[in-house]
Amino acid sequence: SVEESIDGIGLTSVLDAIMRLLSSGTNVRETLRFANSLLIEGGRLVQKRFFDALKQERAESFLRELLRRIEVAGDEVREMKTVVNQVILHARLDKSKAMTLKELVAKETSAESTEHGEDASHTDHSEIKDVLSFLKNLCEGHFLDMQNLLRRQPNSEHTVNLITAVATFVIDVEQCLSPLNIEIATDGFATIT
């Protein structure tokens, strides 16, 4: 079976490596996608092994890094709301050329970035989507013990509440809902339900 094959590769060592990589910020997107693949293919066995690993004190930095990434994504959503509001205001003032919201935002962020000497690329939501997918897959099948562990870590000196962080992120996205972030809003909602 797939579960036996996954267990045969030294799953505990693999999960430790995943947590180390994410804690250090190395290859985050690829590591999250690999972890999601393991969770999807390995099912309950991989969930239980992650649960055991996350109960350990060494998991604190891993959980803090996930929390940090959720918070950064929330900050980016709030910043995007400001940009969208500026774009709408400028579009109302300058009716010379019809543009889509995406084109207007790209134009606005490019102009702001040039003024501040920053990279003009807009926010890429794929990393937060991977974080949300990972958390969703950890809790798949109403794994209540995992949900509680993501809320509070009894073996940790400083607890990290990822459930509240995701709920706050979803509220932030909902308050700034636009065609630019509707997909991430859907992913966030799916994570908390």
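Author: Happy to! Let's begin with a pair of side chains: E140 and K136 form a salt bridge, with their closest N and O atoms 3.4 Å apart. Keep in mind that this is a predicted model.

Reader: What makes the pair of E140 and K136 a salt bridge?

Author: The cut-off is 4 Å between a side-chain nitrogen of Lys or Arg and a carboxyl oxygen of Asp or Glu. The closest N and O atoms of K136 and E140 are 3.4 Å apart, so the pair qualifies. In general, side chains of opposite charge can pair when their charged atoms come close.

Reader: Are E140 and K136 buried or exposed, or in between?

Author: In between. E140 has a relative accessible area of 41% and K136 has 31%. Buried needs under 20% and exposed needs over 50%, so both are called partly exposed.

Reader: How many salt bridges are there by this rule?

Author: The count is 12. One of them joins R58 to D16, at 2.8 Å from N to O. That pair links distant parts of the chain, since R58 is in the loop between α3 and α4 while D16 belongs to helix α2, 42 residues apart.

Reader: What do you know about R69 and E127?

Author: Their side chains meet in a salt bridge at 2.4 Å, N to O. This pair also links distant parts of the chain: R69 sits in helix α4 and E127 in helix α6, 58 residues apart. Both residues take part in a network of salt bridges together with E65 and R68.

Reader: How do you know how many disulfides the structure holds?

Author: A disulfide needs two cysteine sulfur atoms within 2.5 Å, and the structure holds 0 disulfides. As for cysteines, C139 has 12% relative accessibility and therefore counts as buried. C176 has 11%, so C176 counts as buried too.

Reader: Which residues touch the most other members of the largest nonpolar core?

Author: F50, L54, F134, L135 and M146 do, in a core of 45 residues. Helix α3 gives the most to this core, with 10 residues. Beyond four places in sequence, L54 touches residues including M19, F62, L138 and M146. Apart from this core lies another, of 5 residues, among them M80, V83, V87 and V105.

Reader: What makes A185 a buried residue?

Author: A185 has 16% relative accessibility; that is under 20%, so A185 counts as buried. This residue lies in helix α9 (residues 182–192). Leaving out residues up to four places away in sequence, A185 touches V173 and L177.

Reader: Where is confidence lowest, and where is it highest?

Author: The lowest mean is 64, in helix α5 (residues 101–116), and the highest is 97, in helix α7 (residues 144–151). Over residues 118–123, pLDDT stays under 50. For the protein, the mean pLDDT is 84, and 82% of residues reach 70 or more.

Technical notes. Residues are numbered from 1 along each chain as its sequence is written. This is a predicted model: local features need pLDDT of at least 70, side-chain atom pairs count only at pLDDT 80 or more; totals for chains, interfaces and linings use all residues. Side-chain values use heavy atoms; hydrogens and water are left out. Helices (H or I, at least four residues) and strands (E, at least two) are DSSP runs, numbered from the N terminus. Buried means under 20% relative accessible area, exposed over 50%, partly exposed in between (1.4 Å probe, protein chains only). Contact means heavy atoms within 4.5 Å. pLDDT is the predictor's confidence in each residue, from 0 to 100. A nonpolar core is a set of buried Ala, Val, Leu, Ile, Met, Phe, Trp, Tyr and Cys residues joined through side-chain atoms within 4.5 Å.
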